[in-house]
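Let's take a walk through this structure by way of its side-chain contacts. Have the sequence and the model open as you read.

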Amino acid sequence: MVDISQNVVQAAQGFVPLQDVTLFSGKASPTTMKLFMPRINGREFDYIAMKDSLLEALTDYSLSRRTIQRYIDCQNYRHMTDEARAKFRTYLQNKGELGEFILFVLLEGHLHAPKILSKMALKTDNNDYVKGSDGVHFLKLSSGRYHIIFGESKLYADLTSGFHDAFRSISAFISSGKEDELRLISSQIDNEGFDDEDKEIITQLLYPARAKADFKSSDAFGIFVGFEITVPDEKLRLKEDDFERWIMQLIASEVTSRVATIERQIESQGLQGKNFYVYLMPFTNLDETRGKLLEGLVS
């Protein structure tokens, strides 16, 4: 099986895990939403540390495995980093790019679901390759079943709006975008540097009708929603430990208060029963922070 990048694992460990929140609790197919936040330094989210953590994973996100291995074989690490940043810099104006990158880090580094396709490595000026999902990963479950995971990321000031747009995009993808995505993966699989065993697994994921009788697979959707929170000035006067407890409670409250609404959005798009891997993260001053993080990643 393909190795998970330890750089990506370390990047995921740079986020602080919070308490999970469950959708459809008590139902046949509950969904666990994973909450993370940036580390706190001096009663503020430490975006410098977050940028440094993400930098560890930039090469794995931007380049295909085959390209990375070619640079490693030549010990040409400087040029590898330069190429990764150059590809990322080209799309600096795409505000969705940060969310896609964080989703990649969490799916591969936290869930341990390796990417199948390096979309960043394929991007062209007219974005022909980026009309589908925000990344494709696969995961082997403890039951032996496989999930092929199509990514969808949103950065919205309002959490509810972010989910609404994510589910709407997923519904549209199922209706009209999945076949194109599968063809793209199939055409590019040799460029990703998979061994024969992994290629066979991925081929069976892409074309279930050709799979072996005992091979079990299902579609799944990886979702990252970044949202904005506001910290009142009076909370900055709390002791550091008290502030951390307060902000963790605030984040949990922001999410749990919307559980019923999120469930209704899933049902309204006809997505009940689908497999979801959901990740959430708060930001302060979202637009400004997004710009600074992207600038820091390519400078």
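Is Arg 258 buried or exposed? Arg 258 counts as buried, with a relative accessibility of 19%; the cut-offs here are under 20% relative accessible area for buried, over 50% for exposed, and partly exposed in between, using a 1.4 Å probe and protein chains only. Before going further, note that this is a predicted model, where local features need pLDDT of at least 70, side-chain atom pairs count only at pLDDT 80 or more, and totals for chains, interfaces and linings use all residues. Residues are numbered from 1 along each chain as its sequence is written, and side-chain values use heavy atoms, with hydrogens and water left out.

Back to that arginine. Arg 258 makes a salt bridge with Asp 158, at 3.7 Å from N to O; the term asks for a side-chain nitrogen of Lys or Arg within 4 Å of a carboxyl oxygen of Asp or Glu. Arg 258 sits in the loop between α10 (240-256) and α11 (259-268), and Asp 158 in the loop between β6 (146-155) and α8 (159-188), so the contact ties together parts that are 100 residues apart in sequence. (Helices are DSSP runs of H or I with at least four residues, strands are runs of E with at least two, and both are numbered from the N terminus.) Asp 158 itself is partly exposed, at 31% relative accessibility.

Next, look at Asp 219 and Lys 178, whose closest N and O atoms are 2.4 Å apart in another salt bridge. This one also links distant parts of the chain: Asp 219 is in strand β7 (residues 217-228) and Lys 178 in helix α8, 41 residues apart. Asp 219 is partly exposed, with a relative accessible area of 27%, and Lys 178 is partly exposed with a value of 27%.

Asp 287 is exposed at 53%, while Arg 290 is buried at 8%. Elsewhere, shared partners join Glu 152, Lys 154, Asp 165 and Arg 168 into one salt-bridge network. The count for the model comes to 16 salt bridges.

Now for the rings. There are 14 aromatic pairs, meaning rings of Phe, Tyr and Trp (its six-membered ring) with centres within 6.5 Å; planes under 30 degrees apart are stacked, over 60 edge-to-face, and the rest tilted. Take Tyr 61 and Phe 88: their centres are 6.2 Å apart and their planes at 65°, so the pair is edge-to-face. Tyr 61 lies in helix α3 (residues 58-62) and Phe 88 in helix α5 (residues 77-90), so parts 27 residues apart in sequence are tied together. Both Tyr 61 and Phe 88 are buried.

Phe 167 and Phe 276 are edge-to-face too, because their centres are 5.7 Å apart and their planes at 70°. With Phe 167 in helix α8 and Phe 276 in strand β8 (residues 275-283), this pair ties together parts that are 109 residues apart in sequence. Phe 167 and Phe 276 are buried. Ring pairs also link them with Phe 150, Phe 163, Phe 173 and Phe 221 into a cluster.
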